[in-house]
Amino acid sequence: MKKSNKPVIILLSSFIVIFLVLGMLGLFQSIQSKEKTPVKKDFNINYKYYVDDIQVPILPVNAKDSTGKIEERYIYDRYTCTNRVEGIWDNTSWQFTPKLTADTTCKLYFKGNAFKVDFTLTNAILDASGDQITKTFINGSDATYKIIPTEKYTFDTAVCDEKNETSWDPKTNILTIKALKKNTKCEVKFKLNDFNVQAKANFGTITEENVSVKGGTNAVLNATAADGYVFNKVTCTNNQTASWGDNKLTVSNVTADTVCTIDFKQINHKVTLNVVNGNVLGSPATVLHGKSQQFAVNANPNFIETDPTISCTNNQVGTLTKNMFSIASVTADTVCTITFKEKK
């Protein structure tokens, strides 16, 4: 007698019903869950940009130079994003691509790769044309600046904080700071030019007629008056100032090429000799400055010509030799008196 399959069919049918019920229940719960928490497909992203850790308003971009070559003024460094969002930076397209899994703020960091020079200038100014004041230079390149010296000044020294080598072109007034690798400060000084001083003398002699001196210093030349002449005046071109003393012509604080002319003039002095108890021939007389003057004198009868009393004004000195009275090197008008003594 065969066994009946009915219990097996009933059992299988029960399992099928159970699975169907569970499946329907899971679908119902899934629908309810989606209705309560909808899936968000679009996320918001906010960017912030930094150069050398200082926030800037826009994405730093490397531009092309005049030849079409990209100037690498900025170098990408790193990024950070909130809510664990990650991304990839592409240096070629200069673009950040985030893998968005949530709203996020991404900070993109760059390093500056172009540098500038701040100047302290003495007796000069930085040319204000173009971008002289604000321009920067790519890391490792030479920086060039046009500097205008004050009139009559020339380049002296350039010293930079980063010890950069420098060079100066006097034809173009261009200062080159070589291999700039950091922002730096440079102190640039200009000095007065060397100037030529020429001297001339009227009625005198100059031992060295041309000298070259550094700007701002004094020029000293030997200048001697001719016999019988004294200093009158000195004039110089280009507003230079000079003086004369002790046979030296001094041009003070020379700031330009100059020609100085020193004028010596002839001067005469009046010499008068008065004789007490005697007589004189040729008094008064006119004599050139620095020259000597002589007079013939005689004592009256009963007076002797030896050991007379002699006096002269203005520090002049007179002497009597036999019957000749002399005054050596007359330098001023003078009156001399000689008094003969009576015989005893």
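1. The count comes to 17 aromatic pairs in this predicted model, where rings of Phe, Tyr and Trp (its six-membered ring) pair if their centres lie within 6.5 Å, and planes under 30 degrees apart count as stacked, over 60 as edge-to-face and the rest as tilted. One of them joins Phe137 and Tyr145 edge-to-face, at 5.5 Å centre to centre and with 65° between the planes. Phe137 and Tyr145 are both buried (under 20% relative accessible area; exposed is over 50% and partly exposed in between, with a 1.4 Å probe and protein chains only).

2. The pair of Phe155 and Trp168 is stacked, because the ring centres are 5.3 Å apart and the planes are at 10°. Phe155 belongs to strand E12 (residues 153-160) and Trp168 to strand E13 (residues 166-169), so this pair ties together parts that are 13 residues apart in sequence; strands are DSSP runs (E, at least two residues), numbered from the N terminus. Phe155 counts as partly exposed at 22% relative accessibility, whereas Trp168, at 17%, is buried.

3. Tyr47, Tyr49, Tyr79 and Phe96 are linked by ring pairs into a cluster.

4. Charges also sit over rings (NZ of Lys or CZ of Arg within 6 Å of the ring centre and within 35 degrees of the ring normal). Arg78 lies over the face of Tyr109, 3.9 Å from the ring centre. Lys135 lies over the face of Tyr145, at 5.2 Å from the ring centre; Tyr145 is also the edge-to-face partner of Phe137.

5. On the basis of these values: the model is predicted, local features need pLDDT of at least 70, side-chain atom pairs count only at pLDDT 80 or more, and totals for chains, interfaces and linings use all residues. Residues are numbered from 1 along each chain as its sequence is written, and side-chain values use heavy atoms, with hydrogens and water left out.

Definitions and conventions. Helices (H or I, at least four residues) and strands (E, at least two) are DSSP runs, numbered from the N terminus.
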